[in-house]
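Hello,

Here is the structure you will be working with. Please open it first, then read the notes below it.

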Amino acid sequence: MTLKPHEQELINQVQTGLCIGGVWQPSSTGATFDVQDPATGEVIKTIADATVDDALRALEAAVTAQEAWAETSTRGRSNILRRAFDLLMDRHEDFALLISIEMGKPISEARAEVTYGGEFLRWFSEEAVRVRGDYRPTPEGAGNIVVSHLPVGPTYFITPWNFPLAMATRKIAPALAAGCTVVIKPAELTPLTTIFLVQLLEEAGLPAGVVNVVPTTSPADQSSALLKDARLKKLSFTGSTPVGVKLLEAAAQNVLRTSMELGGNAPFIVFEDADLDRAVEGVLLAKFRNIGQACTAANRIIVHESIADTFAQRVSDRVAQMKIGRGAEESTDIGALVDGRAVAKAERLVADAVATGATVLTGGKSIEGPGSYFEPTVLDRLSPNSALMSEEIFGPVLGIIRFTNEEEAVKIANDTDYGLVSYVFTENVHCGQRMIEKLQTGMMGLNTGLISNAAAPFGGVKQSGIGREGGFEGISEFLSTKYTLIPR
Ligand code: NAD
């Protein structure tokens with residue numbers, strides 16, 4: 001199936017080049033790469049493939065723009081972010097369609113991503129003018145301490161494919177608010193949304209060189225060159241933990257400031273006293289949003305044995321009714337996975353779960369192409385040894401494991417190197433409070449399966465990352481604290 005005329009028209013509006021210093025341009029070698037629609041496998045656009053030299057020129061442009069951008073009044077920076085938010089809301093449907101076409105998620109969820117992603121532009125347009133310092137006398141009375149927060153300087157962003165807009169705005173908005181310039185490398189599977197966003201930022205009045213975009217099929221070479229360059233002052237990465245570890249090692253050579261938003265393996269605990277209606281809705285959202293391809297996706301469904309049969313049946317009945325199809329179609333609940341590797345991973349994890357004792361209640365198979373589809377799947381009676389318990393699934397596969405008491409539930413939940421988010425369903429406020437303290441995650445949803453909000457500090461503990469994005473905390477990732485002593 002080829003693109004519909006209005007879809008083709010939209011894709012035609014997206015630039016094919018790199019944006020360096022405000023100039024859209026081909027790669028220095030003329031190299032290009034193809035972007036596909038995962039629902040059909042068809043090439044939808046061919047864009048410039050940045051070389052290391054291009055990336056270094058992008059850093060140069062960010063360095064050149066840094067001083068003037070930092071000196072731009074906070075109100076001036078805030079106004080640009082606010083205009084970008086307004087423009088994005090005007091183009092809400094275009095961005096949603098573009099996201100859905102290039103990464104496969106259902107259009108309703110792509111709309112939700114535009115709303116969520118846009119909120120970072122609005123939130124940080126408000127935060128830009130609220131950066132505060134501090135002034136305090138020394139205890140001895142001999143002078144005063146002035147604490148200021150200054151922009152860290154040129155930053156480098158690497159973003160994943162699963163939320164191509166929101167993962168970009170969650171970094172770009174606070175950086176711009178703080179007075180930092182940017183080089184961004186979107187995921188090679190989904191570069192179009194980021195390119196379109198940079199076009200929108202230009203239209204909002206962002207000066208040349210403040211945000212530069214350099215998609216590439218050689219991310220390791222690009223990051224290695226940029227991280228060695230002392231002019232770069234900050235790396236912010238969202239992606240898998242193994243890549244994050246490599247980047248941290250490279251960043252250490254220059255003692256570079258880093259923010260890391262990495263993988264997750266979220267426990268979803270349903271206690272005996274949970275409101276089952278809520279828990280069923282919660283797990284459908286936490287597991288199947290984005291076709292399971294979210295760092296916040298519920299990975300291990302840990303259910304009290306007394307309610308597990310009922311819960312499993314109700315979830316499985318709902319999942320069996322989900323409609324599979326191209327994300328851009330209104331009726332689709334489950335779109336295509338991002339590529340064939342994602343399908344192969346889901347196949348492997350389901351086969352392993354069954355081999356270690358799980359029962360398939362619904363789904364369990366991939367679907368013949370074109371496009372990379374996997375049936376939404378519910379597995380019951382998962383073994384603690386199955387790979388589903390330790391690996392990030394990143395697909396529409398839900399596995400239920402049973403527990404008998406609170407201590408056991410907490411032990412299972414914390415038995416992972418990840419610590420991004422946990423979900424807890426209970427009507428007992430004391431149990432809920434205990435979970436806040438006992439679950440080793442940076443975020444928790446109490447009786448809800450969706451926790452993302454621009455006003456909240458998003459981030460993990462353990463191997464899920466370092467730093468926070470969004471909330472009041474988000475801007476401080478791009479500010480460095482300086483203290484000055486002024487004697488009396
Ligand atoms: P990935 O780590 O494979 O890729 C992420 C980005 O890193 C891409 O832009 C890719 O091109 C780039 N990259 C890959 N290898 C690189 C290298 N050697 N050097 C530099 N850059 C490199 O992850 P993905 O498959 O795109 O995304 C899924 C992962 O992202 C999951 O683990 C998910 O949990 C995580 N994620 C985390 C959050 C969060 O906020 N914690 C949000 C979304 C996704």
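Pro154 touches Leu59, Ala62, Val63, Gln66, Thr181, Arg231, Leu232, Lys233 and Lys234, leaving aside residues up to four places away in sequence. Please keep in mind that this is a predicted model. Pro154 sits in the loop between β6 (143-151) and β7 (155-158). Is Pro154 buried or exposed? Its relative accessible area is 6%, which is under 20%, so Pro154 counts as buried.

Three strands form an open sheet in the order β5-β6-β22, with antiparallel pairing. Its edge strands, β5 (134-137) and β22 (479-487), each pair on one side only. From one strand to the next, the twist averages 20 degrees. Four bridges join β5 to β6, and Asp134 stands opposite Val147 in β6.

The largest pocket holds about 1,200 Å³ of space. Its lining has 38 residues, and the closest to its centre are Trp161, Phe237, Gly239, Ser240 and Val243. Which element gives the most to this lining? It is α9, with seven residues. By class, the lining of the largest pocket has 20 nonpolar, nine polar and nine charged residues.

The second largest pocket has about 560 Å³ of space. Of its 26 lining residues, Glu109, Ala112, Leu285, Arg289 and Leu450 lie nearest the centre. Here α5 gives the most, with seven residues. This lining divides into eleven nonpolar, seven polar and eight charged residues.

Regards

Methods: Residues are numbered from 1 along each chain as its sequence is written. This is a predicted model: local features need pLDDT of at least 70, side-chain atom pairs count only at pLDDT 80 or more; totals for chains, interfaces and linings use all residues. Side-chain values use heavy atoms; hydrogens and water are left out. Helices (H or I, at least four residues) and strands (E, at least two) are DSSP runs, numbered from the N terminus. Buried means under 20% relative accessible area, exposed over 50%, partly exposed in between (1.4 Å probe, protein chains only). Contact means heavy atoms within 4.5 Å. Two strands pair if DSSP finds at least two bridges between them. Axes are lines fitted to C-alpha atoms, for helices over the stretch in contact, and angles run from 0 to 180 degrees between N-to-C directions. On a 1 Å grid over the protein atoms alone, a cavity is a set of points where a 1.4 Å probe fits but cannot get out, and a pocket is an open set with protein on both sides within 12 Å along at least five of seven lines; lining residues have an atom within 4 Å of a point. Grid points are joined across faces, edges and corners, and a volume is the space filled by probe spheres set on the points. Ala, Val, Leu, Ile, Met, Phe, Trp, Tyr, Cys and Pro count as nonpolar, Asp, Glu, Lys and Arg as charged, and the others, Gly among them, as polar.
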